[in-house]
Amino acid sequence: METRRKWLAAAAGAQAVAASVELVAQVPSYGLSLIGPLLAAHRLSARVTAVLGAVAVTVTLLGASSARSSAWGVALNVAAVSLWAVFTAHTRARAERALDDVTRLAVTAQEALARPLPDRVGHVDLAAHTRSCDPNALLGGDVHDAVLTSAGPRLLLADVKGHGAQAIRVSAAVLAAFRRAAATEPDPVRLAHTLDELLRPELGPEDFVTLLLADFRPGEVRIVNCGHPAPLRVGRRLCPLAPPRPSPPLGLGPVPQVQRVHLSAGQRLLLHTDGLTDARDGDRVPFRLDVPQVHAALAEPALPDALEHLTDLVVRHTGGAPLGDDLTIVIAQPTHSLMAVEQERGARSRPARPQP
């Protein structure tokens, strides 16, 4: 709306200048009188363009000498160009409306696929940030989702080969496959194999999908990593959780296995795609996670504050420049109620002390 107001002011101002030259200075400049409708045709409505065209024709007639036989011919030329400007404005406005409709449909479809993570799934608090390197795409090559299984919360973080809009088709297939199987498959290793089988028809010979599954249990998280950047356990220090045996990504013959990681009270998990560590400054230096500033950001008591401070560090590191890859960050922390369940189970399993 603000841009159209500026264009209207520019077109009206140009038309006023043309009228001044024609009528006040009495300098015949019939081409200049057309600048108003020509400007309007680029951004304003056909109705506004027609009004400015009528003004241009009127100014041409008033500024022309009645003694000159060519006055009416000039006015007809101005009228013809003004009509062309009106037709152009009408065609452009109709195309813009159609583009707006298609864009709204595309945004709605992407929002349905890339639905935001809730603040809590089961007994796990979550905070997530995702950004496509393509400013016109909400969903890129990064995929994240969460479900509540009968055994507890399960997180997915995946990264499709490629980025931005070109990766949307495979990203949508990853989400569809996960939502189809994740809630009913208790074993994360079998789930990884199932996702690999479901995605195989969607992948080309050189396509692949890195995958990270995190199943939260009382006091621990069970991780399956297929070629994905290792998550970090955040406590008194940052501990990278590299898999004991690396696995290729989905599509390249994955050999997943479960990695069981202890999570004590107050510890949290940072999951991310390689868009985080690939964020570079002006000297092409990548963003580092093993620095005190990152640890301090991730140690913020509230998850949203920790996420905000971490993304601020990334922005400061890159100087606000566009990212070269899609970026997704997820911070997960079991709540105290989950820890209480763990302690209660531990107390029940310990033998009672003999009374003296």
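A residue is classed as buried under 20% relative accessible area, as exposed over 50% and as partly exposed in between, with a 1.4 Å probe and protein chains only. The structure is a predicted model, in which local features need pLDDT of at least 70 and side-chain atom pairs count only at pLDDT 80 or more, while totals for chains, interfaces and linings use all residues. Residues are numbered from 1 along each chain as its sequence is written, and side-chain values use heavy atoms, with hydrogens and water left out.

The chain contains 10 helices and 11 strands; helices (H or I, at least four residues) and strands (E, at least two) are DSSP runs, numbered from the N terminus. Of the 356 residues in the chain, 42% are buried. Among contacts (heavy atoms within 4.5 Å) with a separation of 6 or more, 70% are between residues 24 or more positions apart.

Five strands make up an open sheet with antiparallel pairing, in the order β3-β4-β5-β6-β9; two strands pair if DSSP finds at least two bridges between them. At the edges are β3 (142-149) and β9 (258-262), each of which pairs on one side only. On average, neighbouring strands of this sheet are turned by 20° against each other, direction ignored. Strand β6 (residues 220-226) runs antiparallel to β9 and is joined to β9 by five bridges, with His262 in β9 as the bridge partner of Glu220. Helix α5 packs on the sheet, where it touches β3, β4 (152-160) and β5, and its direction makes about 10° with that of β3. Angles run from 0 to 180 degrees between N-to-C directions, and the axes are lines fitted to C-alpha atoms, for helices over the stretch in contact. Helix α6 lies across β4, β5, β6 and β9 and runs at about 150° to β5.

Strand β11 is largely enclosed by the rest of the structure, because eight of its eight residues are buried. In a regular strand the side chains alternate between the two faces of the sheet. In β11, Leu327, Ile329, Ile331 and Gln333 point one way, Thr328, Val330, Ala332 and Pro334 point the other way, and all are buried. Strand β2 (residues 124-131) pairs with β11 in the antiparallel sense over eight bridges, and strand β10 (residues 268-272) is joined to β11, also antiparallel, by four bridges. Ala127 stands opposite Ile331, and Leu269 stands opposite Ala332.

Ile331 is located in β11, which spans residues 327-334. Ile331 counts as buried because its relative accessibility is 0%. Residues up to four places away in sequence aside, Ile331 touches Asp125, Leu126, Ala127, Arg268, Leu269, Leu270, Leu298, Leu303, Ala306 and Leu307. Pro231 is 100 residues from Ile331 in sequence, and the C-alpha to C-alpha distance between them is 9.8 Å.

Side chains of opposite charge can pair when their charged atoms come close. With a salt bridge taken as a side-chain nitrogen of Lys or Arg within 4 Å of a carboxyl oxygen of Asp or Glu, the count comes to 12. One of these salt bridges is between the side chains of Glu202 and Arg169, at 3.1 Å from N to O. Glu202 lies in the loop between α6 (188-199) and β5 (209-217) and Arg169 in helix α5 (residues 168-181), so this pair ties together parts that are 33 residues apart in sequence. Glu202 is partly exposed at 33% relative accessibility. Glu220 and Arg222 form a salt bridge at 2.7 Å, N to O; Glu220 is buried at 14%, whereas Arg222 is partly exposed at 27%. Salt bridges with shared partners also join Arg154, Asp215 and Arg217 into one network. Arg217 is buried at 11% relative accessible area, and Asp215 is buried at 1%.

Zero disulfides were found in a search of the whole structure, a disulfide being a pair of cysteine sulfur atoms within 2.5 Å. Cys226 is buried, with 0% relative accessible area, and Cys239 is buried, with 15%.

Arg284 is in the loop between α7 (274-277) and α8 (292-298). The phi of Arg284 is near 65°, a positive value in a residue other than glycine. Arg284 counts as exposed, at 58% relative accessibility.
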